[in-house]
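Have a look at it first, and then follow along with me.

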Amino acid sequence: MSKPEAVKEPSMDMQKAMIARNYEAITSKHETGRKVSNTFVPGNLNELLMCFDIVNNLPEINAIQAGMRKASGGYIMEAEKSGHSEDVCTYVKADIGQMSKGNIAPNGKPYPVPDVLMLSYTGCYTFMKWFELLREEYKCPTLMLHVPYEGDGHSTKNMRDYIVKQLKEVVIPGLEQVSGVKFDIDRLRQYLKNSAKAEDDLVWCLEQGKVKPSPIDAYFGGVYYIGPIFTAFRGTEDAVSYYEMLRKEVQGRIENHQGPMTPEGTYFNDQKYRLIVEGPPNWTNFREFWKMFYDEGAVVVASSYTKVGGLYDQGFRHDPDNPLESLADYCLGCYTNLNLPTRVDLLAKYVEEYEADGLLINSIKSCNSFSAGQLMIMKEVERRTGRPGAFIETDLVDPRYFSAANVKNRLESYFQMIEQKRRGGGSKTVAA
Amino acid sequence: MRCFIGIDLGSTTTKAVVMDENLQILGRGITNSRSNYDTAAAVSKQEALIDTRLTLFRRALGGVPEVAGKVDDILSDLERNFRHVQFLEQLEDLQQTCIANIKGPRFAGREKTVIEALEGTFSRLRDSSAKQYAPGVKRKSDFFRDLAGAEFMSHGEAVCKEAGLGFDLILNVYDKSIIEVENRPPSGDMEGKFVRALEKGTMTGSSILAPVQSALAIPLEETYVVGTGYGRVRLPFPKEHIRSEILCHGLGAHMMYPETRTVLDIGGQDTKGIQVDPVGIVENFQMNDRCAAGCGRYLGYIADEMNMGLHELGPLAMKSNKQVRINSTCTVFAGAELRDRLALGEKREDILAGLHRAIILRAMSILSRAGGVKDQFTFTGGVAKNEAAVRELRKLIKENYGDVTINIDPDSIYTGALGGATFAVRAVVN
Ligand code: SF4
């Protein structure tokens, strides 16, 4: 029996069409002659790539796509067969394994050999090793933009200058060479203007998590909301219209006192628990995972994962007046580039500002970048806010590491624990 | 009287606790969890209600001066007779079921002989059952299947031999039928059975009869039932009657030891470290991840590997005086490591001691992730019965957390059900 199709909202359909167009652009590079760059989500330089007519291909997104289509398990096994360790980030293994299985994109056509690897962010060291592997395979040039880690919690002018210098001296000349297109800073300014517009609308949408009932789910719904802006569309007109549309949808739900729509097509209005979630979601069992939340009445009002590609809600915007500097600031401020105290501050602030019941951490087995320090983060946020935290463990795209019974057990215990705390003892019914 | 019931449907056993509205435990019941969760819940509940009756009898007899000092004997006599009545009833059911199952080509033309053999067997079983329930005899098991099974084998073989019939014929019918009988919820007429037990017994004196009968007349009214445990979603209860086992264990431990702040539960499927506040509310918990390594199931696996019974592991490990270091608490690798060690000539007790340590080390890591061990510390779950595991735990707790009080209740298997029953009381009374 096939599963019922997920119900989609207009913005989701629009996003789907955008993604399909991008895959088409990637896989038809030989026909169109356009150059392709592989790059990562956090700190990506999409607007800059657009200035050189380069198409943006994101291996993390490809791994997520494979995970949601239930293909990642096979790819991971394939990668392990060729010697990749069990504990390595499963995005990497899904990507590598996919190569040895024909490297087929979701549109059925093979991914092309990229013309350049644009490595613009190093908050996660896995990125470097990952592109080392791809470079071996594809024998294409790698442009590396080194982003200093914000070890003491903030960036300095020095760090920014250092990035701008690299952009001027290494990245831009490199991209010119790969593409044969001359860099035009006014073109970049125009794209950045679009980015800022879309970012405004995205932030507005995410902040509506403060409304009760929340018209959005800032984790499961949130990963769709951030799709265009964190990937190949930031800077495009498409992204601007997408976020306008999204904003109208959210506005509409607020007016009707509606919660977000679940994949089953119902509005999730009966919200009993408001959560802040830290850590990436699980993609192989995404809908099942989400269902465990809304079935119990838990809505996520803010999450850190929706900030991996930029902390726009903390005030950052791409700035057409300072184009290269704002690209530098953007790279510096991505969530994974923040030190632990800064993450704790942010999460504790979310708990307060969004009037959440507590912080839930989804610890990802194979992502060191996110998982290190998470228990400490939980304890610290608990201590500061006085609200209970909880810890679950899954994986990104490795289906072997999603144990539904185990996750459900912990989630239910957590929700009941919140309930019990609210009542200061046993309760007649679970409903608030 | 109003009764509040907690049922903990575990992966191997199902437990029930009955409480009154003053949070006093009235009765406990246990049965093995079968594939049929409804039955397991019904059986454990009924067992707990039987135990509740006995508590009520005890209370009633407590006020009778003539029996002072003899109440224990009287009650054990009553329970013995009750169990016997119950056994005979189930035996009757089994006989009828067996007879009904004599069908198909295998039995063609031989039905009558087989029925006669069965009747003969059951009649001997009934006779010999009196011995099993005689005063002072220790029964080998509490489960009908075990008690009836052994006797059926010996009597059945004898009867068939005399009749010149192959034993496998009636054994086949028996195997099929015992499952049916076991999965049939017990008949509800508990009071009737007690009356018959009373009649069977020697307690004819009106000084006993009257109070017992008046205790028997108290209606046990099922006011609220809360279910928990791994099988909880399968329990035939509405959602608001279901509580997670983490909360139930936390609260149950608090009921047993109000001063407890940290609880460790090592069950068949998982290990939990729980912190509770002064009123029994869970503050924090951590669990093992997806795999059940280091839990009861792991020990079961080791026992199988070593060709031993689960209950023999602890005592053997206690004999060790040199611990072998076991690196793997992974169920899959442990077998290989075990065989390796044996091949290297290590002694079984030393290997087992190492295994117990490995399990407890893993539990210690879960505990520290849940925020460490605070005074008082309560250890629950099946592994709490294993002396070698307890020895390691005591050692490691002392090394890491100093002198904290360690509680291990002999009834700790009922912790989850106790928490459930407490929730049930609170749901109604508060
Ligand atoms: S941040 Fe985590 S998920 Fe992303 S590439 Fe690094 S290890 Fe993998």
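Predicted model: local features only at pLDDT ≥ 70, side-chain atom pairs only at ≥ 80, totals over all residues.

**Entry 1**

I started with the partners of Leu202(A): beyond its neighbours within four places in sequence, Leu202(A) is in contact with Tyr225(A), Ile226(A), Ile229(A), Tyr243(A) and Tyr312(A). Leu202(A) sits in helix H9 of chain A. Is Leu202(A) buried or exposed? I found a relative accessibility of 1% for Leu202(A), so Leu202(A) counts as buried, the cut-off for that being under 20%.

**Entry 2: Asp201**

Next I checked Asp201(A), which is also found in helix H9 of chain A. Asp201(A) is buried too, with a relative accessible area of 4%. Which residues does Asp201(A) touch, not counting residues up to four places away in sequence? I noted Tyr243(A), Glu244(A) and Arg247(A) for Asp201(A). Tyr243(A) was already on my page, as a contact of Leu202(A).

**Entry 3: the nonpolar core**

I then turned to the largest nonpolar core, which has 156 residues. Leu48(A), Tyr91(A), Ile276(A) and Phe293(A) have the most contacts inside this core. Helix H9 of chain A, residues 185-207, gives the most to the core, with nine residues. A reminder to myself: in soluble globular proteins, nonpolar side chains tend to be buried together.

I picked Tyr91(A) from that list. Leaving out residues up to four places away in sequence, Tyr91(A) touches Glu60(A), Ala63(A), Ile64(A), Trp130(A), Trp283(A), Tyr305(A), Leu396(A) and Val397(A).

**Entry 4: helix H6**

Tyr91(A) belongs to H6(A), and it is among the buried residues there. How many of the residues of helix H6 (residues 90-99) are buried? I counted 10 of the 10, so helix H6 of chain A is largely enclosed by the rest of the structure. The buried set includes Lys93(A), Asp95(A) and Gln98(A) as well as Val92(A), Ile96(A) and Met99(A). What do the buried residues of H6(A) pack against? My answer is helix H4 (59-68), helix H5 (72-81) and helix H7 (126-138) of chain A.

**Entry 5: Val397**

From Tyr91(A) I followed the contact to Val397(A). Val397(A) has its place in the loop between strand S8 (389-394) and helix H18 (404-423) of chain A. With a relative accessible area of 0%, Val397(A) is buried. Setting aside neighbours within four places in sequence, I listed contacts of Val397(A) that include Ala63(A), Ile64(A), Gly67(A), Ile76(A), Thr90(A), Tyr91(A), Ala94(A) and Trp283(A). Val397(A) and Ile61(A) are 336 residues apart in sequence, yet their C-alpha atoms are 11 Å apart in space.

**Entry 6: the whole chain**

Last, I stepped back to chain A, which has 18 helices and eight strands. Its C-alpha atoms fill a box of roughly 70 × 50 × 40 Å along the principal axes. How does the radius of gyration of chain A agree with a compact globule? A compact globule of 432 residues would have one near 22 Å, and chain A has 21 Å, which agrees. I read that 62% of the residues of chain A count as buried. Of the contacts between residues at least 6 apart in sequence, 77% join residues at least 24 apart. The accessible surface comes to about 16100 Å², and 53% of it belongs to carbon and sulfur atoms. Finally, I noted 51 positive and 57 negative side chains, with the centres of the two sets 2 Å apart.

Notes
Residues numbered from 1 in each chain as written. Chains lettered and ligands numbered in written order. Heavy atoms only, no water. Helix = DSSP H or I, 4+ residues; strand = E, 2+ residues; numbered from the N terminus. Rg over C-alpha atoms; globule rule 2.2 N^0.38 Å. Buried < 20%, exposed > 50% of the residue type's maximum accessible area, 1.4 Å probe, protein only. Contact = heavy atoms within 4.5 Å. Areas by Shrake-Rupley, 256 points an atom, 1.4 Å probe, with all protein chains shown as cover. Lys, Arg positive; Asp, Glu negative; His and termini not counted. Charge placed at Lys NZ, Arg CZ, Asp CG, Glu CD. Core = buried A, V, L, I, M, F, W, Y, C linked by side-chain atoms within 4.5 Å.
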